[in-house]
Amino acid sequence: MSSLAVANGELYRDRAVILRTYKLRESDRIVVLLTQRFGKVRAVAKGVRRTNSKFGSRLEPMSHVEVLLRKGRDLDLVSQAESVDGLTPMLSSLDRAAQGMAVVEAADQLSLEGEPDERLYAMLVGVLRTIGESPSPLNVAAFFWKVLAMSGLSPVLDGCVRCGEADGGETALVAFDFNEGGALCRRCRSGISISPAALDIMRDILGGRLRQALALEESAATSEVTALATRALEHHIERRLRTVSVSLRTSLSRWAMMSVACQVCPQPISTKLSTCVSGVVLFTLRQRSTADFGRPTTTARSGRCCCEM
Ligand SMILES: [Zn+2]
């Protein structure tokens, strides 16, 4: 996408969803945006924490805005922000806000700076609008499964992913395995159990019957589909991060993590993945290990942080 390259100091305009913000100095924030054409962008919003800020509440997570940004060497600068979709519907209930935050966090983990992903942007805008209009219990799960399918990771649901036997009759699919990427019959079963009702819902979501799925009332099966979708997405993100930095993970796996937080931005880091919530591989750890030397040793290690990249 070199045609979209913007030189330092130049202004550029785009639509974006605010993924996350963190404090910077007294009255500023760093805003992480998923833009339509430029991928994930981090930009400083000056004075946004003042009560009389010209940005108002337009730069809060989940907001959909049109922004004018000035390209910087490390961080861009938010020059203007106009609301496209306001936050009011999202904040009208706890359920909606929780669903909105879940999809925004997932989009944050799935997007990379400098890598435009218009489909992810369009799907995020779409799901946020859907959540604002109707709080279906399957909004989040449907988004996760659709995003996975878009990444070429559509699960196999009509037959056993291992032996190929079709579902139905003698062969019932009873399990789902994230490593295998689909459902399994009783003979091949591995992974976790899955109910026939949950399988049907997933087929609806991924088979062009999304509207039907989203009309369902909350039930054990919808909860099961949401739990499966969350684990599938985590599995995908972890795998991707592992491929990004095999050596980093290997070196960390020998350590018992004592304290995990980014020292530059105050983002918590998932101890399991050694990433901050933005999904960028980083580590700033104080660790103690008894495994290697037979006695406790404390070591501080630092890595690149998402806010320095
Ligand atoms: Zn099988």
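Mentor: We will take the metal site, then one of the strands. Keep in mind that this is a predicted model.

Trainee: Which residues are the protein donors of the zinc ion?

Mentor: Four cysteines: Cys160, Cys163, Cys185 and Cys188. Each gives its SG atom, lying 2.3 Å from the zinc ion.

Trainee: How are those donor residues spaced in sequence?

Mentor: The pattern is C-x2-C-x21-C-x2-C. The pair Cys160 and Cys188 links distant parts of the chain, 28 residues apart. Cys160 sits in the loop between α3 (139-150) and β6 (173-177), and Cys188 in the loop between β7 (182-185) and β8 (192-193).

Trainee: And why is the arrangement tetrahedral?

Mentor: Because the 4 donor atoms subtend angles of 100 to 116 degrees around the zinc ion. For four tetrahedral donors, the ideal angle is 109.5 degrees.

Trainee: Is Cys160 buried or exposed?

Mentor: Buried, at a relative accessible area of 3%. Cys188 also counts as buried, with 11% relative accessibility, because the cut-off for buried is under 20%.

Trainee: What does β3 pair with?

Mentor: Strand β2 (residues 28-35) runs antiparallel to β3, joined by 7 bridges. A hairpin of 3 residues connects the two, and Thr35 has Gly39 in β3 as its bridge partner. β3 also pairs with strand β5 (residues 76-85), in the parallel sense and over 2 bridges.

Trainee: Which residue stands opposite Leu77 in β5?

Mentor: That is Val44.

How values were computed: Residues numbered from 1 in each chain as written. Predicted model: local features only at pLDDT ≥ 70, side-chain atom pairs only at ≥ 80, totals over all residues. Heavy atoms only, no water. Donors = N, O, S within 2.8 Å, 3.2 Å for Na, K, Ca; no water. Tetrahedral: all angles 85-135°; square planar, octahedral: opposite > 155°, others 65-115°. Helix = DSSP H or I, 4+ residues; strand = E, 2+ residues; numbered from the N terminus. Buried < 20%, exposed > 50% of the residue type's maximum accessible area, 1.4 Å probe, protein only. Pairing = 2+ DSSP bridges.
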